[in-house]
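I opened a new notebook page for this structure.

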Amino acid sequence: MRLARICSCCLMLIVLMGEMASAQKNCGVLNTALRSGEVLKYKVFYTLAGVYVGAGEAEFKIQVSKKTRGAFYLTGFGKTYSGYNWIYPVNDLYESVADSLTFEPYWFRRQIREGGRKKLEEFRMDRSRNEVLESNRRKKVSDCVTDVLSVIYYARCIPYQRYPTGAKIPIQLFLDGEEYPVYIRYLGKEKITTPYGTYQTIKFKPLLLEGTLFTGGEQMTVWVTDDEQHMPVYVDTPILVGHIRVYLGLPE
């Protein structure tokens, strides 16, 4: 089973999610709340000898794309603090250019260093032909395929109120040269308190792809604010070398 390479997305909030693509194709959503200039910072806690310690941080930004009209330039960065690199070092950068209304991706790039593994991946999407262009190769994909960064923002635009508790929201994810059918399982609403605040939230579990950091399946739980912005505020998940918790609210 190779389901989860949503990889260090967790150390960078790893909060992964959503289905994707254009509303006109009935693939998904319409962005009404997310704007350029948003910066979300997270603290990552790792369990060490039964105690959670702050071992890393992550940051996500939305900016207007300078090269693609009507698009956002999205970035996600995650790293472990140097003092904890002996456990499992992570230093990852994810970039995506996606439609500002539908979060349909046009371009994606990731540079990751996780443990002793390094990887560089980059591709473009030809939406008119439903093809991914990667290393001078073309590969047919479905209408609603997305990447592991833009899908986070797409998921924030899902109208969860339309779904019953327990419903699976389908996703088509392109990663490592392949397309994978995954999903989000909607778990309803819950009030939670984190080290940085108390929130009314929507709760769900994304189906992860097995990779260098995660086991596959519905192991991760994500809580997002129950408002228009659906900001991820808490992520709880086991990893291959322990357990991590991610909180919105990294102090300046």
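**Entry 1: the chain as a whole**

I began with the kind of model, and it is a predicted one. I then looked up the confidence: pLDDT averages 85 over the chain, and 85% of the residues score at least 70.

Next I looked up the secondary structure and found 1 helix and 15 strands. The chain has 252 residues, and I noted that 58% of them are buried. I also checked how far apart in sequence the contacting residues are. Of the contacts between residues at least 6 apart, 55% join residues at least 24 apart.

**Entry 2**

I followed β11, residues 178-194, to its partners. Strand β10, residues 168-175, runs antiparallel to β11, and 8 bridges join the two. Within this pair I found Phe174 opposite Glu179 of β11. The hairpin of β10 and β11 has 2 residues between the strands.

Arg185 has Lys205 in β12 as its bridge partner. A hairpin through 2 residues joins β11 to β12.

**Entry 3: strands β1, β14 and β15**

I asked myself which strands pair with β15. One is β1, residues 39-48, which pairs with β15, residues 242-248, in the antiparallel sense over 5 bridges. Here Tyr46 stands opposite Ile244 in β15. Another is β14, residues 232-239, which pairs with β15 over 6 bridges, again antiparallel. In this pair I noted Pro238 opposite His243 of β15. β14 and β15 form a hairpin, with 2 residues between them.

**Entry 4: the pockets**

I looked up the largest pocket and wrote down a volume of about 290 Å³. Its lining consists of 19 residues, and those nearest the centre are Cys157, Ile158, Pro159, Gln161 and His230. I sorted the lining by type and got 8 nonpolar, 5 polar and 6 charged residues.

The second largest pocket holds about 240 Å³ of space. Among the residues that line this pocket I listed Lys66, Lys67, Tyr73, Tyr106, Trp107 and Arg124. Its lining divides into 5 nonpolar, 2 polar and 3 charged residues.

**Entry 5: Ser100**

Last, I picked out Ser100, in the loop between β4 (91-99) and β5 (105-114). Is Ser100 buried or exposed? Its relative accessible area is 18%, so Ser100 counts as buried under the 20% cut-off.

I then asked what Ser100 is in contact with, leaving aside its neighbours within four places in sequence. I found Asn31, Gly70, Ala71 and Phe72. I also checked Arg35, which is 65 residues from Ser100 along the chain. The C-alpha atoms of Ser100 and Arg35 are separated by 8.4 Å.

Terms used:
Residues numbered from 1 in each chain as written. Predicted model: local features only at pLDDT ≥ 70, side-chain atom pairs only at ≥ 80, totals over all residues. Heavy atoms only, no water. Pairing = 2+ DSSP bridges. Helix = DSSP H or I, 4+ residues; strand = E, 2+ residues; numbered from the N terminus. pLDDT = per-residue confidence, 0-100. 1 Å grid on protein atoms, 1.4 Å probe; cavity = no way out; pocket = protein on both sides within 12 Å on 5 of 7 lines; lining within 4 Å. Points joined across faces, edges and corners; volume = space filled by probe spheres on them. Nonpolar A, V, L, I, M, F, W, Y, C, P; charged D, E, K, R; others polar. Buried < 20%, exposed > 50% of the residue type's maximum accessible area, 1.4 Å probe, protein only. Contact = heavy atoms within 4.5 Å.
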